[in-house]
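Thanks, everyone. I would like to walk you through one model this morning, so please have the sequence and the structure open as I talk.

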Amino acid sequence: MLITYIVVATFIAMFAYIILFMVRDAEKTIANPMNQRQDSYAKYIRRGSVITSDGVTVAETVKDEEGREKRVYPLGSMFAHTVGYSSYSMSGVELSQSFVMLRSHAGIKKKIKCDLKGEKYPGDNVVLTLDYDLQKAAYDALGDCRGAVIVMDPRDGRILAEVSKPDFDPNSMSDVMDNIMTDEMEEAAPLLNRATQGLYAPGSTFKILTALEYMREHPDWQSYTYDCEGSDVFGDIGIHCAGDNVHGTVDISETLTESCNTSTANMGMHIDMNKLHQLAETFLYNQDLPYDGVYSASKFNVDGTSNRNDIPQTVIGQGTTLVTPLHNAMIMCAVANGGNLMIPYMIDHVESVEGVYVKETKKKTYGTLLEKRECDTLLPMLENVAREGTASGQLGWKPYYVGGKTGTAEYDNEGNCNSWFIGFAGNSSPEVVISVVVEDYSTYGISGTYVASCVFDTWYEKFGQ
């Protein structure tokens, strides 16, 4: 009898696995570039196109003069890291949606015409959440600098733009691969998607979490003041404000507005590092991100067992803390969306060649990272950063609602730094969020705030009026 139960249980487990595979894993398995089953689909179906949310084709299959199919990318490197490439293995959307684009839901009349002409059926098209105009604005603003930009709608998680530089032309992958091992290419790492995989010290953008933890631990936080003299010593660590600027007496809002390092370090010395560590992990440091694409996990190492000399640098976003532009965008999205983090996504829907929807992505909530009342406290402070503080040079005069946090993160002992901006814009409430990092600001002089300004202006011209 026991053997009978074991056999029955085994068969039930096998059927359950088969069902799970068909529902959850089949497309990923078939999409694997090592899976030769794709070749059989490609014999009968012409790979579908990749299209932006505003109707711009960014990847398509055409025939050359000899009638051979060729995958082309009309906009070259502008969408390189997101759309990816389909030769020399695959990457990006070309990889994740490979199986989808090798299926055809064309109408029966279209299929009959193809049969009569001896042509392949047209594959389904993938429509992205990316907006061409926002992508171009981010791409152009970043210019020749290295860095990344990611733009999201905090209300539903749609990724509206994603740019990484240095980039590459997916139309010329043979040239890219021929030179990928040269010293210049290895140093530039053009195939690395810095928006999701680049790890950077967050700099002063981390002060949002430091201030939040201080306010949580100190119910009387509104009475906080600190006399900034441009520099101070905490434990054995000397902390300087940018340019040794003397900010005078500041409260918490003014600390963020002026990005006062010494005041933030002072707050850090009066908070529980175990609780700050817990807060960082609530905001997805050291955690898996709710994101289907390829990404690097952010790192936060300091806790109650750490040396207290680690605290001053950590709370101002230096030290060993590392974050990706994607993750920083998600943090700002939670603050901008009343505390609720929506799961980021880039595929809006799949449609047949006639435009009939085959599959549509539904927005999903990851969870609540902070309370709405905390957001209502932080948002005006971040608006002050844009109107009166460190971002006011680029954003202070804008005709739309705007806020955010600048960051200047040193990456060596010689004063070289990366420039950050994370923030939001909208008509009367946050409707779009951006995260920008520009590498080596001290050399190129292009700030994250400048890039954000260009993107916000484009958003306002297209959606905000």
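Let me begin with Leu370, which, once we set aside its neighbours within four places in sequence, is in contact with Leu212, Arg216, Phe283, Ala334, Val335, Gly338, Gly339, Cys375 and Leu378. Please keep in mind that this is a predicted model. Leu370 also belongs to the largest nonpolar core, a set of 121 residues, and it is listed with Leu128, Val149, Ile252, Ile434 and Phe456 as the members that touch the most other members. As for which helix gives the most to this core, that is H16, spanning residues 325-336, with nine residues.

What is the lining like by class? There are 19 polar residues, six nonpolar and three charged.

Finally, a word on helix H6, residues 108-117: is it largely buried or in the open? Of its ten residues the number buried is one, taking buried as under 20% relative accessible area, so H6 lies largely in the open. Just after H6 comes Gly118, which takes a positive phi of about 70 degrees.

Conventions: Residues numbered from 1 in each chain as written. Predicted model: local features only at pLDDT ≥ 70, side-chain atom pairs only at ≥ 80, totals over all residues. Heavy atoms only, no water. Core = buried A, V, L, I, M, F, W, Y, C linked by side-chain atoms within 4.5 Å. Buried < 20%, exposed > 50% of the residue type's maximum accessible area, 1.4 Å probe, protein only. Helix = DSSP H or I, 4+ residues; strand = E, 2+ residues; numbered from the N terminus. Contact = heavy atoms within 4.5 Å. Nonpolar A, V, L, I, M, F, W, Y, C, P; charged D, E, K, R; others polar.
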